[in-house]
Amino acid sequence: MTNNVNLFKQAGFTLIEVMLAMAVFSIAGLALLGVADNNYRHISHLEEQMFANWVASNQLVEVSLDKTWPPKNNKKGNVEMAGRTWYWQQKVIKTTNKELRSLVMEIRLKEDDELVSASLMTYLAQDKP
């Protein structure tokens with residue numbers, strides 16, 4: 001009978017072992033939550049930059065199709081894409097060649113935001129008649 005009692009006493013976990021296991025699993029869980037949150041923030045930022053670059057690219061194509069010369073400086077507007085309103089501003093920079101202009105398209109999520117989500121640059125040449 002004493003042998004059976006000793007077997008039952010050694011078969012279970014002690015309270016300290018259970019608490020230690022719970023502590024290890026909770027620390028691992030918190031670490032996983034932190035990694036998942038960080039991953040989500042980075043993916044959201046990359047998604048925002050991708051859409052902003054698409055908006056900038058679309059606006060540069062639109063400007064290149066417009067034949068007015070020289071392109072208007074500091075022209076602003078907004079466009080809807082991916083359920084958001086994107087605010088764009090074009091900046092025209094003179095070059096040493098009078099028939100060539102540098103054009104920078106800046107995209108923001110908020111109109112008065114100083115932080116630019118994306119910025120693309122291209123060169124436009126004056127069409128010769």
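Okay, a bit of housekeeping. Because the model is predicted, local features need pLDDT of at least 70 and side-chain atom pairs count only at pLDDT 80 or more, while totals for chains, interfaces and linings use all residues. Residues are numbered from 1 along each chain as its sequence is written, and side-chain values use heavy atoms, with hydrogens and water left out.

Let's start with charges. Side chains of opposite charge can pair when their charged atoms come close. For us, a salt bridge is a side-chain nitrogen of Lys or Arg within 4 Å of a carboxyl oxygen of Asp or Glu. How many turn up in a search of the whole structure? Five salt bridges.

One of them joins Lys-67 to Asp-127, with 3.4 Å between the closest N and O atoms. Lys-67 sits in the loop between helix H2 (15-65) and strand S1 (75-81), and Asp-127 in the segment after strand S4 (118-125), so this pair ties together parts that are 60 residues apart in sequence. Those labels come from DSSP runs, numbered from the N terminus: helices are H or I with at least four residues, strands are E with at least two.

Are these two partners buried or exposed? Lys-67 is exposed at 60% relative accessible area, and Asp-127 is exposed too, at 52%. The cut-offs: buried is under 20%, exposed is over 50%, and partly exposed is in between, using a 1.4 Å probe and protein chains only.

Next, Lys-91 and Glu-106 form a salt bridge, their closest N and O atoms 3.5 Å apart. Lys-91 is in strand S2 (residues 84-94) and Glu-106 in strand S3 (residues 100-108), 15 residues apart. Lys-91 is partly exposed at 31%, while Glu-106 is buried at 11%. Glu-106 also pairs with Arg-108, at 3.2 Å between the closest N and O atoms, and Arg-108 is buried at 12%. So what you get is a network of salt bridges linking Lys-91, Glu-106 and Arg-108.

Now the largest pocket. A pocket is found on a 1 Å grid over the protein atoms alone: it's an open set of points where a 1.4 Å probe fits, with protein on both sides within 12 Å along at least five of seven lines, and lining residues have an atom within 4 Å of a point. Its volume is about 330 Å³, meaning the space filled by probe spheres set on the points, which are joined across faces, edges and corners. It has 17 lining residues, and closest to the centre are Val-63, Asp-66, Lys-67, Thr-68 and Leu-124. There's Lys-67 again, from the salt bridge with Asp-127. H2 gives the largest share of the lining, four residues.

Last, the core. In soluble globular proteins, nonpolar side chains tend to be buried together. A nonpolar core here is a set of buried Ala, Val, Leu, Ile, Met, Phe, Trp, Tyr and Cys residues joined through side-chain atoms within 4.5 Å. The largest one has 15 residues, and Trp-86, Leu-103, Met-105 and Ile-107 touch the most other members. H2, S2, S3 and S4 each supply at least two residues, with H2 giving the most, six. Leaving aside neighbours within four places in sequence, Met-105 has contacts (heavy atoms within 4.5 Å) that include Leu-60, Val-63, Trp-88 and Leu-120.
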